Amino acid sequence: MKNSKDLLLKSGFSKRYQGFQYLALCVELAAEDDSRLCALVKEIYGPVASKYQVPYRSIERDIRTARDYAWQNGGKAFLEEISGCAFCALPTVGELIEILSRHLAETA
């Protein structure tokens, strides 16, 4: 999981937020098998929630908090660079996981 954490740090995420840990694992799971993105709650949030022993709803909420911090601290430019498109608004958590996992899979 070191690669996903490095990617998140480059993206402006802070380790201070629990969402950082959740997102790192979500990105790893999606990078391993991108079909998991079709069943985000069941295939990604569920296993992460089980590992950290929290409700699956906490996963998305905490990732949103971490995303908002990263967005204000240079994350927008980095995400636009790796995705190849400009953002008018914050990406959803699912979009964020997809962008980061695709980049992680391509650079692995």
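User: Which backbone oxygen does the side chain of serine 11 reach, and at what distance?

Analyst: The backbone oxygen of leucine 7, at 2.9 Å. For a polar contact, two N or O atoms lie within 3.5 Å; within protein, one must be able to donate a hydrogen and the other to accept it, and residues adjacent in sequence count only if both atoms are side-chain atoms.

User: What am I looking at, and how are residues numbered?

Analyst: This is a predicted model, with residues numbered from 1 along each chain as its sequence is written. Local features need pLDDT of at least 70, side-chain atom pairs count only at pLDDT 80 or more, totals for chains, interfaces and linings use all residues, and side-chain values use heavy atoms, with hydrogens and water left out.

User: Back to serine 11. Where is it found?

Analyst: In the loop between α1 (2-10) and α2 (18-32). Helices are DSSP runs of H or I, at least four residues, numbered from the N terminus.

User: Is serine 11 buried or exposed?

Analyst: Serine 11 counts as buried because its relative accessibility is 1%. Buried means under 20% relative accessible area, exposed over 50%, and partly exposed in between, with a 1.4 Å probe and protein chains only.

User: What is serine 11 in contact with, leaving aside its neighbours within four places in sequence?

Analyst: Ala70, Gly74, Gly75, Phe78 and Leu100. Contact means heavy atoms within 4.5 Å.

User: Changing topic. How many cavities of 30 Å³ or more are there?

Analyst: The count comes to one. A cavity is a set of points on a 1 Å grid over the protein atoms alone, where a 1.4 Å probe fits but cannot get out. Points are joined across faces, edges and corners.

User: What volume does the largest cavity have?

Analyst: About 40 Å³. Volume here is the space filled by probe spheres set on the points.

User: Which residues line the largest cavity?

Analyst: Ser11, Phe13, Arg67, Ala70, Trp71, Gly75, Leu79 and Leu96. A lining residue has an atom within 4 Å of a point. So serine 11 turns up again, as a buried residue that is part of this lining.

User: Which helix gives the largest share of that lining?

Analyst: Helix α4 (residues 56-83), with five residues.

User: How does the lining divide into nonpolar, polar and charged?

Analyst: Five nonpolar, two polar and one charged. Nonpolar means Ala, Val, Leu, Ile, Met, Phe, Trp, Tyr, Cys or Pro; charged means Asp, Glu, Lys or Arg; the others, Gly among them, are polar.

User: Arginine 67 then. Which residue does its side chain meet in a salt bridge?

Analyst: Aspartate 68, at 3.0 Å from N to O. A salt bridge is a side-chain nitrogen of Lys or Arg within 4 Å of a carboxyl oxygen of Asp or Glu. Side chains of opposite charge can pair when their charged atoms come close.

User: Why does arginine 67 count as buried? And what about aspartate 68?

Analyst: Arginine 67 is buried because its relative accessible area is 10%. Aspartate 68 counts as partly exposed, at 30% relative accessibility.

User: How many salt bridges in the whole structure?

Analyst: Four. One of them joins glutamate 32 and arginine 36, with the closest N and O atoms 3.2 Å apart. Glutamate 32 is exposed, with a relative accessible area of 57%.

User: And glutamate 98 with arginine 102: what is the N to O distance?

Analyst: 2.7 Å, in a salt bridge between the side chains. Both residues lie in helix α5 (residues 93-107), four residues apart, about one turn of the helix. Glutamate 98 is partly exposed at 33%, and arginine 102 is partly exposed at 41%.

User: New one. Where is tyrosine 22 found, and is it buried or exposed?

Analyst: Tyrosine 22 is in helix α2. At 4% relative accessibility, tyrosine 22 counts as buried. Beyond its neighbours within four places in sequence, tyrosine 22 is in contact with Val48, Tyr52, Val54, Ser58, Ile59, Asp62 and Ile63.

User: Last one. What is the phi of glutamine 53?

Analyst: Near 55°, a positive value in a residue other than glycine. Glutamine 53 sits in the loop between α3 (40-52) and α4. Glutamine 53 counts as exposed, at 73% relative accessibility.

Definitions and conventions:
1 Å grid on protein atoms, 1.4 Å probe; cavity = no way out; pocket = protein on both sides within 12 Å on 5 of 7 lines; lining within 4 Å. Helix = DSSP H or I, 4+ residues; strand = E, 2+ residues; numbered from the N terminus.
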